[in-house]
Amino acid sequence: MLSMKNISKVYQTEKVRTHALRDFDLQVNEGEFIAVTGPSGSGKTTFLNIAGMLEPYTSGEYMLDDVNVGTLSDNQRADLRNQKIGFIFQGFNLIPDLNLYENVEVPLRYRGIKTAERKRRIEECLEKVGLGSRAKHLPQQLSGGQQQRVAIARALAGQPRFLLADEPTGNLDSLMARQVMELLEEINRDGATIVMVTHDPELARRAPRNIQVVDGQLADFTLYQSREKEII
Ligand code: ADP
Ligand code: ADP
C-alpha cells in the first residue's frame, strides 16, 4: 500500500543543513501494524510526516496505493490525505473549549460531510473508544488516556485505511498506554494499516513488525514477530 524508494529529506536553514532522511526504503503492506523505534533525532517524525503527506520530501519516490505522491497538486494531495489517512499525536491536539462530540466533528465538517452522516459517525466512533456516554464533556474533564481515545475517535471518523501515530502513548502512564495500544490493535484487526512511532520497547514488541530508524535510514533489520509467540 505504501512504498518509499530512496527517499531523502534535507532541512536547510541559514547555517545548518540536516539530512533528516537519506535513501530511505520501506514497503508497508495492507493490514500491517508497524512500530517504528530509533534514537531521538533519527528521522522518525520526518518519515511519518512524509508518509502522511504533511511535508514534502527532497528526492526519491513515494507511492501510496499506486499513486505517485510527488506528481500531485496541493489539492490532490489534500484530497488523498483526507480519504486515506488518519493521524494521532502525542499531545492529543484536542480543542479545549469544544466538547468531545464537537472535537470529533471538526474534520468531518471540514470534509463537507452532511449533518446526519456526521452524527452517525461521531456516535459510532465515540462508542468504539468507550466514550459514548461522555459526548458532552470537555477534554479537560477526562484523563490523558481518555483524551487520547477521543483523538483516536476523531481520526477514525474520517474512515482512514492508514493510521499514523507519533508517540501516541508518550504522555500516558503505562496502564493507559496499554489501553490505547489495545484500542489500536483492535482498529488494526478491523482492517486499518497502522504505523506507530514509539519510545516504549514493551509496546513496540507487541506490534507484529518492528522497524528502526538510525541516522535517517532504516536500520538493516526488520523484525517480524508472530502474535502467537508474543502470547507465550
Ligand atoms: P525523531 O522523530 O526521530 O526524533 P525528527 O524526524 O524529528 O527525528 O528529526 C530528524 C532530524 O531533522 C533532526 O536532526 C532534526 O533536528 C531535524 N529537523 C526536523 N525538523 C526540522 C525542521 N523543521 N527544520 C530543520 N531541521 C529539522
Ligand atoms: P516551495 O518550495 O515552492 O514552497 P514545496 O515543494 O516546498 O514548494 O511545496 C509547497 C507546499 O506544498 C509546502 O508548504 C509543502 O507543505 C507542500 N508540499 C509539497 N510537496 C509535498 C508533499 N510531497 N507532501 C506534502 N506536502 C507537500
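Start at ligand 1 and select α1, the element that gives the largest share of its shell, three residues. The model is predicted: local features need pLDDT of at least 70, side-chain atom pairs count only at pLDDT 80 or more, and totals for chains, interfaces and linings use all residues. Residues are numbered from 1 along each chain as its sequence is written, chains are lettered from A and ligands numbered from 1 in written order, and side-chain values use heavy atoms, without hydrogens and water.

Next, show the whole shell (residues with a heavy atom within 4 Å of the ligand): Y11, T18, A20, P39, S40, G41, S42, G43, K44, T45 and T46. At least two residues each come from β2 (17-28) and α1 (44-51); helices (H or I, at least four residues) and strands (E, at least two) are DSSP runs numbered from the N terminus. By class, the shell holds three nonpolar, seven polar and one charged residue, with Ala, Val, Leu, Ile, Met, Phe, Trp, Tyr, Cys and Pro as nonpolar, Asp, Glu, Lys and Arg as charged, and the others, Gly among them, as polar.

Now select G41, where a backbone N or O atom is 2.7 Å from an oxygen atom of ligand 1. At G43, a polar backbone atom lies 3.0 Å from a ligand 1 oxygen. At K44, a polar side-chain atom is 2.8 Å from an oxygen atom of ligand 1. The protein buries 60% of the 560 Å² that ligand 1 exposes when taken alone (Shrake-Rupley method, 1.4 Å probe).

Finally, select α3 (residues 100-110) and α4 (residues 115-128), whose axes are 10 Å apart.

Key: A polar contact is a pair of N or O atoms within 3.5 Å; within protein, one must be able to donate a hydrogen and the other to accept it, and residues adjacent in sequence count only if both atoms are side-chain atoms. Axes are lines fitted to C-alpha atoms, for helices over the stretch in contact, and angles run from 0 to 180 degrees between N-to-C directions.
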